[in-house]
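I opened this notebook to record, entry by entry, what I looked up in the model. The sequence and structure come first, and my notes follow.

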Amino acid sequence: MLSILMSVKNEARYVEVALRSIEPALPADIEMVVVDDGSTDGTADIVEQLNLPFVRLVRTEGIGKAAAYSLAYENAKGSYFILFAGDDLLEPAALEARIAPLRFFAQDVSVVTFCKLKSFSSQKKYDGMVLPKNPRLGLESGGCIAFNRCFAERAFPIPSTLANEDSWLMLQVRYSGVKVIQVPVIGLLYRIHQNNSYQRGVSFNTVNEQMWMRQRALFFFYEQYREQLSSAQQREILFELVVQLLRYLGRPVPMLLLNDIGLKVRIKALFNSTSVLYWLRERFYKFFSGR
């Protein structure tokens, strides 16, 4: 069975179309576990009133996005999993391609796949991007990952104090001996709008704080798995923490001089380190995204 894990909060405007986007893939062996994280706009009531047979609703008073995904996993029955948000759309025709490679491995092998996403938005500069741009790769993000239960048992629960699930899961992929398979088809239609948990088109100060909160996953991961990491892996994580701290403090020059960390990480941090560079990032958003 495929379990689709969904965390929603105040998505009354989009949640029905999100849930129904999976219907063309039915009657495949699919369940969708929806955790409503304390919505105040009637999102949970909409989900309940739809009475969709493949949906199981869990209500909370508000435990945070990361904890809500962990709770969805606790209530899931599947052998394979994908993550989904209440404002996006799934490409049902791509579901089999996303999980088929997982079936070829034994149950004690951690395996993930990554598909592509296509953005859609009322704002032209965010609309119609297929990411990543490399035709052979999927995107390393929460909405594009599919994984088996062996991977899930290591990655969950996600630390509840984290601002998002993506950073934690990607660290698990990078440092936990996981088999990664690229599925370069569009599996997710990603809605960019003003209420995304990671906002775009906002002030540099807002983005700076958002990015810093997301990078807390590096510290939590290092603390939890330090004894299991090689000295080289420990060094890499610590240097990435230094890069993110310098980015947060607006110190791009010393950040670029840290050759112990990959150039791609430093360049991404660079264009989010000062208000001027962030302006350039926003001005040429489509060019910089997905590289």
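I began with accessibility, where buried means under 20% relative accessible area, exposed means over 50%, and partly exposed is in between, with a 1.4 Å probe and protein chains only. By that scale Arg226 counts as partly exposed, because its relative accessibility is 31%.

I kept in mind that this is a predicted model, in which local features need pLDDT of at least 70 and side-chain atom pairs count only at pLDDT 80 or more, while totals for chains, interfaces and linings use all residues. I also noted that residues are numbered from 1 along each chain as its sequence is written, and that side-chain values use heavy atoms, with hydrogens and water left out.

**Entry: salt bridges**

I counted a salt bridge where a side-chain nitrogen of Lys or Arg is within 4 Å of a carboxyl oxygen of Asp or Glu, and by this rule the count comes to eleven. Arg226 forms one of them with Glu223, with 3.8 Å between the closest N and O atoms, and Glu223 is partly exposed at 40% relative accessible area.

Next I looked up Glu31, which forms a salt bridge with Arg56, the closest N and O atoms being 2.5 Å apart. Glu31 lies in strand S2 and Arg56 in strand S3, so this pair ties together parts that are 25 residues apart in sequence. Glu31 is buried, with a relative accessible area of 7%, whereas Arg56, at 27%, counts as partly exposed.

Arg59 and Asp45 also meet in a salt bridge, at 3.0 Å from N to O. Since Arg59 lies in strand S3 and Asp45 in helix H2, the pair ties together parts that are 14 residues apart in sequence.

**Entry: helix H2**

I stayed with helix H2 (residues 43-50), where Thr43, Ala44, Val47 and Leu50 are buried. They cover an arc of only 130° around the axis, which puts them on the same side of H2; the arc is that of the directions from the helix axis to the C-beta atoms. Taking contact as heavy atoms within 4.5 Å, I found the buried residues of H2 packed against strand S1 (2-8), helix H1 (15-20), strand S2 (30-37) and strand S3 (55-60). After H2 comes Asn51, whose phi is positive, near 50°.

**Entry: aromatic rings**

I paired rings of Phe, Tyr and Trp (its six-membered ring) if their centres lie within 6.5 Å, with planes under 30 degrees apart counting as stacked, over 60 as edge-to-face and the rest as tilted. The structure holds twelve such pairs. One of them, Phe204 with Tyr278, is tilted, at 6.0 Å centre to centre and 50° between the planes. Phe204 lies in helix H7 (residues 204-214) and Tyr278 in helix H12 (residues 275-283), so the pair ties together parts that are 74 residues apart in sequence. Both Phe204 and Tyr278 are buried.

I also noted one aromatic cluster, formed by Tyr73, Phe81, Phe147, Phe151 and Phe156.

Methods
Helix = DSSP H or I, 4+ residues; strand = E, 2+ residues; numbered from the N terminus.
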